[in-house]
Amino acid sequence: MNLGLPELLFMLCLALLAVAIIVFAAARAARRPVEPAVGPQEVDARIRHLAAAGKKIEAIKVLRTHTGMSLRDAKLAVDGLAHGRPIRHPALQGPALQQPAGPAADLATRVRRLKSDGRADQAVFLVRGETGMGHDEAVAFVDSIQVAHEGEL
């Protein structure tokens, strides 16, 4: 293999460029702030806020960061928020949304639990996602459910 000076200089430049890219990426990753540990409800609320504010790309990034969803699935989930569909992923399911160990709780029981936790908006999304109701119908349904007292659940 007969390499001349121009070829050797070109290969040296490529090697230096590769090292510079690696160093730059490592420095950038080190500067990235670490997100504090947050619960599923806070992540869900943040995603909904970003989507409602028209920041769909940021909402998708947050969703992917906290769930490991693929780009396609995260985009579909964020787009679904505009249509009232809830995001269904185990990483975002708080205790109020998870099914009990015994027989599956009916919709009214789950709505009651969400309302008692102060999450009426999430209850509306749940009703819309499971029944196909429009927003106004789902709000009326959620409003009609009486919240049980502490010992009644």
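**Asking why: salt bridges, burial and a pocket**

Mentor: Let's begin with a pair in this predicted model: the side chains of R48 and D44 meet in a salt bridge, at 2.9 Å from N to O.

Trainee: What makes R48 and D44 a salt bridge?

Mentor: The cut-off is a Lys or Arg side-chain nitrogen within 4 Å of a carboxyl oxygen of Asp or Glu. R48 and D44 have 2.9 Å from N to O, so the pair counts. Both lie in helix 2 (residues 40-52), four residues apart, about one turn of the helix.

Trainee: Why is R48 called buried?

Mentor: Buried means under 20% relative accessible area. R48 has 14%, so it is buried. D44, with 6%, is buried by that rule too.

Trainee: How do you know what to call D73 and R72, which also meet in a salt bridge?

Mentor: Their N to O distance is 3.6 Å, and the limit is 4 Å, so the name salt bridge holds. For accessibility, exposed means over 50%, and partly exposed lies between the two cut-offs. D73 is at 38%, so it counts as partly exposed. R72 is at 61%, so it counts as exposed.

Trainee: What about E130 and R110, and why does that pair tie together parts of the chain?

Mentor: The closest N and O atoms of E130 and R110 are 2.7 Å apart, in a salt bridge. E130 lies in helix 6 (residues 120-131) and R110 in helix 5, so the pair ties together parts that are 20 residues apart in sequence. R110 is buried at 10% relative accessibility, while E130 is partly exposed at 36%. Elsewhere, salt bridges that share partners join K56, K75 and D79 into one network. The count comes to five salt bridges.

Trainee: Which residues line the largest pocket?

Mentor: M69, D73, L76, A77, G80, R85, P86, I87 and R88 line it. The lining has five nonpolar, one polar and three charged residues, and the pocket has a volume of about 160 Å³.

How values were computed: Residues are numbered from 1 along each chain as its sequence is written. This is a predicted model: local features need pLDDT of at least 70, side-chain atom pairs count only at pLDDT 80 or more; totals for chains, interfaces and linings use all residues. Side-chain values use heavy atoms; hydrogens and water are left out. On a 1 Å grid over the protein atoms alone, a cavity is a set of points where a 1.4 Å probe fits but cannot get out, and a pocket is an open set with protein on both sides within 12 Å along at least five of seven lines; lining residues have an atom within 4 Å of a point. Grid points are joined across faces, edges and corners, and a volume is the space filled by probe spheres set on the points. Ala, Val, Leu, Ile, Met, Phe, Trp, Tyr, Cys and Pro count as nonpolar, Asp, Glu, Lys and Arg as charged, and the others, Gly among them, as polar. Helices (H or I, at least four residues) and strands (E, at least two) are DSSP runs, numbered from the N terminus. Buried means under 20% relative accessible area, exposed over 50%, partly exposed in between (1.4 Å probe, protein chains only).
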